[in-house]
Amino acid sequence: MRPRRLRPALTLLSTLATAATVALGTAGPAATAERSAPGRHTAAAAHDLTSVTELLARRLLLADKVAAAKYGTDTPIDDPEREARILEDVRARSAGLGLDPDAVAAVFRDQIEANKLVQRGLYARWDANPGERPTERPDLATEVRPALDRITTQLLTALADTERARALPSCGPRLAVATGWSAYTHRLDALHLKGLGRALPSVCAES
């Protein structure tokens, strides 16, 4: 029997692995795909993908502050103009990093949709449970968006650093493991796990 303290972690890892597999589609077995790859490169690939999933989780958690800033105001969850500016910015910056602008834009489009998924879920929760509504309203311009912008810069760097790892046929399974670890370390609940699954589809080059 597994020790009781391990069960939550194992259950969470299993859940995230399933979510990542669904989001990414079928991926080839890692052992077969990389049988000829040096051991040190395989280990580095797994580590690098965790650097990406950590940023995805951190960005997703900021959705709580975005929602708290907007809830009960006239500011909509959807902001097409800002979303377009973000995608235009990452396209331009990705070229300077030697990345495919379309591929990078796809990753960030998923982050935007994941963020909105969490915001909508929080709105529904707060509508149904008034006692859980936020008691403070963060400032979007001075607090929340600068934090999102910092993660954008870090994520662009991480995508450049992991470009080779993300092109491997085993990227899907490795991403699932890295995502499960990041979800566990950040103690994500069901809503944020769903959001993190939505953030994954474009991370692997062959997804």
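Let me begin with a term: a residue is called buried under 20% relative accessible area, exposed over 50%, and partly exposed in between, using a 1.4 Å probe and protein chains only. The model before you is predicted, so local features need pLDDT of at least 70 and side-chain atom pairs count only at pLDDT 80 or more, while totals for chains, interfaces and linings use all residues. Residues are numbered from 1 along each chain as its sequence is written, and side-chain values use heavy atoms, with hydrogens and water left out.

I turn to the salt bridges. A salt bridge here is a side-chain nitrogen of Lys or Arg within 4 Å of a carboxyl oxygen of Asp or Glu, and the count by this rule is eleven. One of them pairs Arg145 with Asp79, with 3.6 Å between the closest N and O atoms. Arg145 belongs to helix α6 (residues 140-161) and Asp79 to the loop between α3 (39-70) and α4 (80-96), so this pair ties together parts 66 residues apart in sequence. Helices are DSSP runs of H or I with at least four residues, numbered from the N terminus. Arg145 is partly exposed, at 24% relative accessible area, and Asp79 is also partly exposed, at 24%.

A further bridge joins Arg82 and Asp149, whose closest N and O atoms are 3.8 Å apart. Since Arg82 lies in helix α4 and Asp149 in helix α6, the pair ties together parts that are 67 residues apart in sequence. Arg82 is buried at 17%, whereas Asp149 is partly exposed at 39%.

What of Arg198 and Asp110? Their closest N and O atoms are 2.8 Å apart in a salt bridge. It links helix α9 (residues 190-198), which holds Arg198, with helix α5 (residues 101-128), which holds Asp110.

Finally, the cavities. On a 1 Å grid over the protein atoms alone, a cavity is a set of points where a 1.4 Å probe fits but cannot get out, and lining residues have an atom within 4 Å of a point. The whole structure holds two cavities of 30 Å³ or more.

How values were computed: Helices (H or I, at least four residues) and strands (E, at least two) are DSSP runs, numbered from the N terminus. On a 1 Å grid over the protein atoms alone, a cavity is a set of points where a 1.4 Å probe fits but cannot get out, and a pocket is an open set with protein on both sides within 12 Å along at least five of seven lines; lining residues have an atom within 4 Å of a point. Grid points are joined across faces, edges and corners, and a volume is the space filled by probe spheres set on the points.
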